[in-house]
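Hi,

Here is the structure I promised to pass on. Have a look at it first, and my notes on what turned up are below.

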Amino acid sequence: MKSKVILHVYDLNPQYNSLSGAFGLGTYHTGVEVFGAEYTFGEGGITNHGPKQADNGDTCIYNQSIELGETDLMRSDMSGKVTAKLKKDGFLGRNYDPLAKNCNHFSDALAKILLETDKGVIPNWINRSSTVGNWFKTKFQK
């Protein structure tokens with residue numbers, strides 16, 4: 001039986017996003033909901049919680065949900081081969097980097113596995129700020 005794969009998007013700085021979001025440079029946190037849980041990534045590594053529960057009412061405010069598709073994988077695959085693949089791809093807490101390997105990179109990687117595709121899945125605007133920031137970091141880092 002297929003399960004929906006849903007991307008939950010949160011504003012990390014709602015006041016900043018109200019201005020910069022119009023230019024495609026907002027700052028966002030994301031998590032992927034599948035099998036009734038939302039999976040995300042941060043300094044603590046890969047975690048999961050109830051859907052839309054990352055909203056803390058202050059610096060992480062729920063913005064929207066985007067249905068990405070459906071998966072044929074089973075719930076049991078999440079704790080086995082899916083998590084193993086993500087960890088092999090470097091999604092370990094010690095590798096977290098707000099510009100180069102963040103929750104949005106994780107959400108895209110997880111969605112690719114769940115939807116069995118090599119193409120980027122999450123909308124580009126979600127991670128644009130970190131992409132631009134990482135470009136400057138690598139361009140000017142000595």
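Before the details, one term: helices here are DSSP runs of H or I with at least four residues, and they are numbered from the N terminus, as are the strands. Keep in mind too that this is a predicted model.

On confidence, the mean pLDDT of the protein is 88, with 87% of its residues at 70 or more. Helix 1 (residues 14–20) is where confidence is lowest, with a mean of 62, while helix 3 (residues 103–115) has the highest, at 97. I'd keep that in mind when looking at helix 1.

Now the overall layout. There are 4 helices and 5 strands, and going along the sequence they come in the order β-α-β-β-β-β-α-α-α. Of the 142 residues, 41% are buried. If you take the contacts with a separation of 6 or more, 66% of them are between residues 24 or more positions apart. The exposed surface comes to about 8100 Å², and 52% of that is supplied by carbon and sulfur atoms.

Strands

Strand 1 (residues 3–11) has 8 of its 9 residues buried, so the rest of the structure largely encloses it. It pairs with two other strands, as follows. With strand 5 (residues 61–71), strand 1 makes an antiparallel pairing over 9 bridges, and in that pairing Tyr10 has Tyr62 of strand 5 as its bridge partner. With strand 2 (residues 28–34), strand 1 is again antiparallel, over 6 bridges, and here Ile6 sits opposite Glu33 of strand 2.

Strand 3 (residues 37–42) and strand 4 (residues 45–49) also pair in the antiparallel sense, over 5 bridges. The link between strand 3 and strand 4 is a hairpin of 2 residues. Gly42 has Gly45, in strand 4, as its bridge partner.

The side chain of Asp108 reaches the backbone nitrogen of Val121 at 2.7 Å. Leaving out residues up to four places away in sequence, Asp108 touches Gly120, Val121 and Ile122.

Ser107 is in helix 3 as well, and its relative accessible area is 0%, so it is buried. Beyond its neighbours within four places in sequence, Ser107 is in contact with Leu7, Thr30, Gly31, Val32 and Ile122.

Exposed spots

Is Glu116 buried or exposed? With 58% relative accessibility, Glu116 counts as exposed. Its place is the loop between helix 3 and helix 4 (128–140). Setting aside neighbours within four places in sequence, Glu116 contacts Asp72 and Ala111. Glu116 and Leu73 are 43 residues apart in sequence, yet their C-alpha atoms are 9.3 Å apart in space.

Lys81, in helix 2 (residues 75–88), is another exposed residue, with a relative accessible area of 53%.

Cysteines

How many disulfides does the model have? The count comes to 0.

Cheers

Technical notes:
Residues are numbered from 1 along each chain as its sequence is written. This is a predicted model: local features need pLDDT of at least 70, side-chain atom pairs count only at pLDDT 80 or more; totals for chains, interfaces and linings use all residues. Side-chain values use heavy atoms; hydrogens and water are left out. pLDDT is the predictor's confidence in each residue, from 0 to 100. Buried means under 20% relative accessible area, exposed over 50%, partly exposed in between (1.4 Å probe, protein chains only). Contact means heavy atoms within 4.5 Å. Accessible areas come from the Shrake-Rupley method with a 1.4 Å probe; for residues, only the protein chains shown count as cover. A polar contact is a pair of N or O atoms within 3.5 Å; within protein, one must be able to donate a hydrogen and the other to accept it, and residues adjacent in sequence count only if both atoms are side-chain atoms. A disulfide is a pair of cysteine sulfur atoms within 2.5 Å. Two strands pair if DSSP finds at least two bridges between them.
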